[in-house]
Amino acid sequence: MSFKLASSPHTRKNNKTGNVMLQVGIACIPGIATQVYYFGMGVLIQILLCCLVAVLTEAICLKLRNRPIKHYLDDNSAVLSALLLAICLPPLAPWWVATIGTIFAIALVKHAFGGLGQNIFNPAMAGYVVLLISFPLSMTSWLPAASLIQYDLSITDTLYTIFTGYTTQGYSVSQLIADIDGFTMATPLDAVKTGITAGYTSDEILAGNLFDNGSGIGWMQVNIAYLLGGLYLLKTKFIKWQIPVSFIASLTFFCLLAQGVSTDTVAPVWIHLTSGATMLAAFFILTDPVSASTTNKGRLVYGALVGFFVFAIRTWGGYPDAVAFAVLLANMCVPLIDYYTQPRVYGHTEVNK
């Protein structure tokens, strides 16, 4: 029997960056399919548009930086960033919104810092925040779930709306997102936040037609689908458990703590967990290997910190869903977190002076 000698580090898997990014994208399929079912084909159009713009922007940036284009495009990082950004966009957001956000994410957030592995912020979330601040109306015009929408949208209507602002029948986005009484439909988080600000109790808000048994119609199913995709990534060990678990535990803890103090002025914990981008963030956004913490203890701290930021901004801030802002705030803390949680070097001994 012969033994092969090799130097460290020793690994059990040889996963290339492109394969890891591809597997994360595949894990998004259940969530994307559920989004399409409840919110229409606009989800797929936004994904195709963002991915196309991302590849072109990546190629141009690589050309300007004198880098081999095919080699870096094969890592699929640009496509994955575009995919995550597109998932977060309203299905009928104008084409130029998706284009601007994707260019900003790839050109400025990623390549301006030196490319993959050098960016300190999550590209998809940075692009999303820029869009949300710059174009708040377009970024908050979410369609209600299919069972609540009063107009049937064909793929042609969806394309016309994204590229012209109107359906083939002449309906605007504002008309499409209104119910039969003319009231603009909101996301569950937005409805809860607006209702509490107006003086309604949680029970009164959850009795609205946007909710079914206390959970947002469509949004709960989407979050469950992304949870299933996240569990696949955990099982296949493409991501580690520390960030998702600490994020969900932290968000749950602060929700329960606040509910214990004032039940009627805080959204129930299941609304926080099954609405907005909670599960997408837990398994697909926070686990970005570049902008997240890299130590095991640091990942626990990082996830818990994002959970606190999400709860705080959702409860007291001006935005219903706080995931993007929370991620960017935590990204800024990563160097400090890693510094204080780095493991002791093997063989290190304390010297008593």
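Biologist: Among the contacts in the protein with a separation of 6 or more, what share comes from residues 24 or more positions apart?
Modeller: This is a predicted model, in which local features need pLDDT of at least 70 and side-chain atom pairs count only at pLDDT 80 or more, while totals for chains, interfaces and linings use all residues. Residues are numbered from 1 along each chain as its sequence is written, and side-chain values use heavy atoms, with hydrogens and water left out. A contact here means heavy atoms within 4.5 Å. Of the contacts with a separation of 6 or more, residues 24 or more positions apart account for 74%.

Biologist: How many helices and strands does the secondary structure of the protein come to?
Modeller: Helices (H or I, at least four residues) and strands (E, at least two) are taken as DSSP runs, numbered from the N terminus. Counted in that way, the secondary structure of the protein comes to 18 helices and two strands.

Biologist: What percentage of the residues in the protein is buried?
Modeller: Buried means under 20% relative accessible area, exposed means over 50%, and partly exposed covers what lies in between, using a 1.4 Å probe and protein chains only. The protein has 353 residues, and the buried ones make up 50%.

Biologist: How far apart are the end C-alpha atoms of helix α6 (residues 95-110)?
Modeller: The expected span of a helix is 1.5 Å times one less than its number of residues. For the 16 residues of α6 this gives 22 Å, which agrees with the distance between its end C-alpha atoms, again 22 Å.

Biologist: Which helices do the buried residues of α6 pack against?
Modeller: The buried residues of α6 include V97, A98, T99, G101, T102, A105, I106 and V109. Their packing partners are α3 (42-64), α5 (77-88), α7 (123-134) and α8 (136-139).

Biologist: What distance separates the C-alpha atoms of A105 and P123?
Modeller: A105 lies in helix α6 and, with a relative accessible area of 3%, is buried. Leaving aside neighbours within four places in sequence, A105 is in contact with K110, P123, A124 and G127. Although A105 and P123 are 18 residues apart along the chain, the separation of their C-alpha atoms is 4.6 Å.

Biologist: Which residue's side chain makes a polar contact with the side chain of T278?
Modeller: T278 is found in helix α16, a helix with eight of its eight residues buried, so it is largely enclosed by the rest of the structure. At 1% relative accessibility, T278 itself counts as buried, and not counting residues up to four places away in sequence it touches N223, F247, L251, H272, L273 and R314. A polar contact is a pair of N or O atoms within 3.5 Å; within protein, one must be able to donate a hydrogen and the other to accept it, and residues adjacent in sequence count only if both atoms are side-chain atoms. At 3.0 Å, the side chain of T278 makes such a contact with the side chain of R314.

Biologist: How long is the polar contact that joins the side chains of S291 and D288?
Modeller: S291 is found in the loop between α16 (278-285) and α17 (296-316), and at 2% relative accessibility it counts as buried. Beyond its neighbours within four places in sequence, S291 is in contact with I120, F121, N122, Y302, N331 and V334. The polar contact between the side chains of S291 and D288 has a length of 2.5 Å.

Biologist: Is N66 buried or exposed?
Modeller: N66 lies in the loop between α3 and α4 (69-73). Most residues other than glycine have a negative phi, yet N66 has a positive phi of about 60 degrees although it is not a glycine. With a relative accessibility of 68%, N66 counts as exposed.

Biologist: At roughly what angle do the axes of helix α1 (residues 17-27) and helix α13 (residues 219-235) cross?
Modeller: Q23, V24 and A27 in α1 meet G229, Y232 and L233 in α13. Axes are lines fitted to C-alpha atoms, for helices over the stretch in contact, and angles run from 0 to 180 degrees between N-to-C directions. The axes of α1 and α13 come within 8 Å and cross at roughly 145 degrees.
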